[in-house]
Amino acid sequence: MAGKKRTFSVGDLVVSRFPLELAFEEKKIQQGEVGLIVGTISPMEHNISGYDYVVLIGGKEVFFFERELKRYEVRGPKCN
């Protein structure tokens, strides 16, 4: 993501685009599960993982690539 503007910021609500099974835990993130962006990963050279965000989802902090997330959209009537 070096040189690219981030799509999400800390505090944004996001939705998982795909199901995800955490390898070392008995936890599955379902497609459509809502999470909260709690951190961003620096695009510096020492970041070999390539992850973009840390998301609190399903009670766990999970690393995500930007392409795995979409913005949470509120449905229904909006309050003024």
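Visitor: How do you know that β5 and strand β6 (residues 60-64) pair, and in which sense?

Guide: Two strands pair if DSSP finds at least two bridges between them. β5 and β6 have five bridges, in the antiparallel sense, so they pair under that rule. Within this pairing, Val54 stands opposite Phe63, and Val55 stands opposite Val62. The strands themselves are DSSP runs (E, at least two residues), numbered from the N terminus.

A word on the ground rules: this is a predicted model, where local features need pLDDT of at least 70, side-chain atom pairs count only at pLDDT 80 or more, and totals for chains, interfaces and linings use all residues. Residues are numbered from 1 along each chain as its sequence is written, and side-chain values use heavy atoms, with hydrogens and water left out.

Visitor: Which strand pairs with β5 over four bridges?

Guide: That is strand β4 (residues 34-40), also in the antiparallel sense. There, Gly39 stands opposite Val54 in β5.

Visitor: Why is strand β5 (residues 53-57) called largely enclosed?

Guide: Because four of its five residues are buried, meaning under 20% relative accessible area with a 1.4 Å probe and protein chains only (exposed is over 50%, partly exposed in between).

Visitor: What makes Val15 count as buried?

Guide: Its relative accessibility is 9%, which is under the 20% limit, so Val15 is buried. Val15 belongs to strand β1. Among the residues that Val15 touches are Gly32, Val34, Glu68 and Tyr72, where contact means heavy atoms within 4.5 Å. Val15 and Glu68 are 53 residues apart in sequence, yet 8.5 Å apart in space, C-alpha to C-alpha.

Visitor: Which residues line the largest pocket?

Guide: Val15, Gly32, Val34, Lys70, Arg71, Tyr72, Glu73 and Arg75 do. By class, three are nonpolar, one is polar and four are charged; Val and Tyr count as nonpolar, Glu, Lys and Arg as charged, and Gly as polar.

Visitor: How do you know how far to trust the model?

Guide: By pLDDT, the predictor's confidence in each residue, from 0 to 100. The protein averages 86, and 88% of the residues score at least 70.

How values were computed
On a 1 Å grid over the protein atoms alone, a cavity is a set of points where a 1.4 Å probe fits but cannot get out, and a pocket is an open set with protein on both sides within 12 Å along at least five of seven lines; lining residues have an atom within 4 Å of a point. Lists of a residue's contacts leave out its neighbours within four places in sequence.
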